[in-house]
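Hello,

Here is the structure for your files. My notes on its salt bridges follow below.

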Amino acid sequence: MATFSLFSMATHAALPQDSRRAGGIAVIEVSPTTKSATLDDQPVALVADNNKNYAVVGIPITATTGTHTLKTDQGNFDFNVADYAYPEQRLTIKDQSKVTPDPDELARYHREAVEQNTIYQSFTTPQGNSFPSFVLPAHARFSSPFGFKRFFNNEPRAPHAGLDIAAAFGTVAHAPASGVVVQTGDYFFNGQTVMIDHGQGIISMLCHLSRIDVKIGQTVAQGDAIGLVGKTGRATGPHLHWSISMNNARVDPLLVIPASEKPN
Ligand SMILES: [Zn+2]
C-alpha cells in the first residue's frame, strides 16, 4: 500500500501536460506583460515557469475539434483541439431512482448543479504565480478514468468529468494541492463533497466522502486530510471521485499530477 508523503515532490510545480483534446489542457506561451486571458469569456489562469509566461487553458469536454481562440489583452492565440476517442462504460445501478430522479430529486439536482457551477465559474486571486503543485488525493487503483462515456442502465449520461480512485471505505482523502475550501455539501449525485479553490479558477472537487473534516473558508495545504473516503451519493462502491476544473472546464486530472504519481 502506498504511503502518502507530503514533501516527497520537489517544491517546484511543473506545468501541466499539454494535451489539446476535449477534456484536455492547452499550455500556451504568452507575452510577459499579459494581464488577462479568456476562453469562451471564462477567465484563464496565467502562470510563470522558468522565466516564461503561460496561459493554462482548460478545454471543455464538450469542445468541438478544430480551432479555438484564447483571447488575451496582448492579442489572440488560435489552437487546435484534436479528436480523441474516450472509451465507453456501461453501469447497472440497482436504485433506479438514482438513474431517473423523480421531479423533487431533479429539482434538487438542478439547484446543486447551479451551486457547483457558480463555484467553477469563480476566479479568485492567484496564490502564487506558478502552476499549483498537484498530487493524487488518495492512492489506490483507478476504477474509472476521466472522460468515460457512461451509460446507466443503458441510458446515456454526460461523460465522466473526473477520476475515480477505488480507495477503501474510511481511507483519508487528502487535498491534492493547497487552496481554500469553498464548498462542502451533501449532493444527490456527488454525495458528501468538498470543493477546493487553488486560485485563478483552478478548482478541485472531491466526492462520495463518508465524512468531511474541513469547513468552508478553511485554508488547506497539499496533503491535508479533508475527510474520509465513502460511497455517499451515486456510487456503486466506496471510491474517491476527483474532478479538476480550469476556466470552468473539467479536465483530465492525470494531466496535472507528476509522472511519479501515475500508474504504469
Ligand atoms: Zn467519478
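The side chains of Arg211 and Asp213 form a salt bridge, at 2.9 Å from N to O. The term means a side-chain nitrogen of Lys or Arg within 4 Å of a carboxyl oxygen of Asp or Glu. Arg211 is partly exposed, at 43% relative accessibility. Asp213 is also partly exposed, with a relative accessible area of 36%. The cut-offs: buried is under 20% relative accessible area, exposed is over 50%, and partly exposed lies in between (1.4 Å probe, protein chains only).

A word on the basis. This is a predicted model, in which local features need pLDDT of at least 70 and side-chain atom pairs count only at pLDDT 80 or more, while totals for chains, interfaces and linings use all residues. Residues are numbered from 1 along each chain as its sequence is written, and side-chain values use heavy atoms, with hydrogens and water left out.

The search of the whole structure gave 6 salt bridges.

Glu112 pairs with Arg108 in a salt bridge, with the closest N and O atoms 2.7 Å apart. Both sit in helix 1 (residues 103-120), 4 residues apart, so about one helical turn separates them. Helices here are DSSP runs (H or I, at least four residues), numbered from the N terminus. Glu112 is buried, at 9% relative accessible area. Arg108 is partly exposed, at 29%.

Glu88 forms a salt bridge with Arg90, and their closest N and O atoms are 3.5 Å apart. Glu88 counts as partly exposed, at 49% relative accessibility. Arg90 is exposed, at 51%.

Best wishes

Conventions: Helix = DSSP H or I, 4+ residues; strand = E, 2+ residues; numbered from the N terminus.
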